[in-house]
Structures are given as structure tokens and as C-alpha cells.
Amino acid sequence: VVDDSALMRKLISDMLNSSENIEVIGTATNGQDLLNKLKIMQPNVITLDIEMPVMNGIETLKAMKELKKDIPVIVFSSVSKREVNYTVDCLYLGAFDFILKPERTFDIPKLKDGLIKKINAAYNQRQHKKINVISKDNIISQKEAESIDRNNIEAVVIGASTGGPKALYRVITNFPEDMNVPIFVVQHMPVGFTKAFADRLNDNSNMQVKEAEDGETYKAGKVYLAPGGYHMEVNFNNRIKLTTDPPIWGVRPAVDKLFISASKIFNSHIVSAVLTGMGKDGAKGTEAIKDNGGVTIAEDESTCVIYGMPKSAFETGKVDIVLPIDRIS
């Protein structure tokens, strides 16, 4: 547990130690203190505050990368504009996930279930990454994939969750400027973070990337990212619809909501891709895309941070192409 506040270190440690399968083996006051302790300690997961003296969270992740310390890191963030941008940087640098730090310390216990869930996911991903033994008989060959009529495609939809920011960065920044279709993206993120993520993608992409707005007319050659807290759908009048309908699978925005709405508009003229993430979101949407004649892609287990969403999509039997992240764009 890495935090410059002694109170936060105690609160987080006590909370985690109360879980029967988690033991806090050490704490650190900043990134440099952590690096010193990693010479003698071997934690399975690290929780990391962003704003700290001596060495902050971003500097710590960069240092860990250079030292090849491949330990999953869960970042603690606030919704201040600066920390939101820092959090996006941390995810790009390889942080496993992040969790919002309450503004008041007495609200910390409310974090417990979410944080423990993320720690277990990080641990399981690192310790028990299984080889995919599912039959891939229904997957079309690379030759067949290359024979798909690109002129027949009118839209692309992409969904991701845990590990998604880095995966989406690798896909979207590799799209050429002349992608003559609209691209719609759902990344599970809380309110306040999607704008910073869209801006980061936009600054590094050939295409224009923006956070979607309710009622705006979508255009070919642009990437639209669903804002945190809103489902994103596409309408028959070439407009984007944002709603606060109930969460699906516990999330809003949901990949299924986008995929199913897009399958009704574009029918067989659409490509979908389900990238890394926990849970089942995107599986029903993949079925809808395939049943309407579209082309469906799932990220291969070998490059997923969490092989949950792509696995659920694959198990529907409606995935056409399975590819590692670097080949999806």
C-alpha cells in the first residue's frame, strides 16, 4: 500500500487485511520508498496513490517499467482535473486499473468491495493466466478475413473494460486518416475520466477522437467515445443518443447497449471488436452484430489484461476473427 498519508495507509491496510484472502505485507510513503522495499519484498499487487512527494505515481510506474518490475498496480485517483489526466497517463503506462478515492476519509470503507474485487482480479490475472483451450473451429481463416469487402463496411463498434485504455490506444492510434466510417467506442470508465481519455487519444491519432454528445450527428472518419455515466446508442437519423437507462452488467456505459443499437442501424455493414475486460458485457451485442450479418472480432487471450469479455463473446459461437491486440486495427 503506497500513500504519503499515514492515515490513508492505515485505513487501506486495515480494510484489506479484513479480507480473508488478502494480506498487506508492507506500506510505502512514496514511489522511491516503494522501489527500495521491492528489493526485499515481492508483493502480488500494489495500490498506488498518484500525488506524493519525492516520487509520484506516474514516476513510480515509469521506474517500475524500466526496472522490469511486472507487478499489477491499482491506482488511487480523485476526480480533480489534474488527477484525471494523471490517471489516464497511469493506465497508458500499464497500471492494471484505478479506483476513485473518496473526498472524505470516513467514506473510505465504501471502497472496500470494489477494491478487493480489483485486487483479486489483478492477482488472478497474474498468477493463473490459462491457455485458451476452447475449440476455434468456428473462426474464419486469416485469408477469409482479408477477403472481407471493406467497401461494404459503414461503421465500427468497439468495447473494452479493464486494460482497455492501453488496448484502445494501440488500436485507435493505428487507424489511418482516411478511415471513411464512424467508429463508436465504449470503455468502462466513471464520470469525469472519458473526456481526458478521448483527448489523449485525439492528440495521438490520425483520426479525430471525441467524447460523444447527446443528439450530435455522427460523421465518417471520426471516433466517438461514450461518456462515463451514459449509455451510447446510434439512431436511424445519423445521431448519437445518450441515456441514463439502468446499468447493464453493473456498468453504464455498456458495450451491449451500443452494439445492439448499431446492429439495427447498420445490419450487415458493420464490424465489432470486443477487447480486454472483466465480465460478460459485449457478448449479447456480438450475437446481435453477427445475427444481422456483421463481422465480429474478439481480442486473443494472449494479449488481454483480463480475458473475460472477449471470452464471453467467443463462447457465444458468433465471433468471426480472434486476433492479438496489435493486429486488430
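Which residues lie nearest the centre of the largest pocket? I began there, keeping in mind that this is a predicted model.

**Entry 1, the pocket.** I found Lys 118, Ser 161, His 188, Gly 250 and Val 251 nearest the centre, in a lining of 30 residues. Strand E3 (97–100) and helix H5 (112–127) are the elements that give two or more residues to this lining. The largest share, four residues, comes from E3. I noted the volume as about 880 Å³. By type, the lining residues divide into 15 nonpolar, eight polar and seven charged.

Next I turned to charged pairs, and the count came to 14 salt bridges. I looked up a few of them.

Arg 200 and Asp 89 meet through their side chains at 2.1 Å, N to O. This pair links distant parts of the chain, with Arg 200 in helix H8 and Asp 89 in helix H4, 111 residues apart. Asp 89 is partly exposed, at 22% relative accessibility.

Asp 245 pairs with Lys 257, and their closest N and O atoms are 3.2 Å apart. Asp 245 sits in the loop between strand E9 and helix H9, and Lys 257 in helix H9 itself, so the bridge ties together parts twelve residues apart in sequence.

Lys 290 and Asp 320 form a salt bridge at 2.7 Å, N to O. Lys 290 belongs to helix H10 and Asp 320 to the loop between helix H11 and strand E12, so parts 30 residues apart in sequence are tied together.

Definitions and conventions
Residues are numbered from 1 along each chain as its sequence is written. This is a predicted model: local features need pLDDT of at least 70, side-chain atom pairs count only at pLDDT 80 or more; totals for chains, interfaces and linings use all residues. Side-chain values use heavy atoms; hydrogens and water are left out. On a 1 Å grid over the protein atoms alone, a cavity is a set of points where a 1.4 Å probe fits but cannot get out, and a pocket is an open set with protein on both sides within 12 Å along at least five of seven lines; lining residues have an atom within 4 Å of a point. Grid points are joined across faces, edges and corners, and a volume is the space filled by probe spheres set on the points. Ala, Val, Leu, Ile, Met, Phe, Trp, Tyr, Cys and Pro count as nonpolar, Asp, Glu, Lys and Arg as charged, and the others, Gly among them, as polar. A salt bridge is a side-chain nitrogen of Lys or Arg within 4 Å of a carboxyl oxygen of Asp or Glu. Buried means under 20% relative accessible area, exposed over 50%, partly exposed in between (1.4 Å probe, protein chains only).
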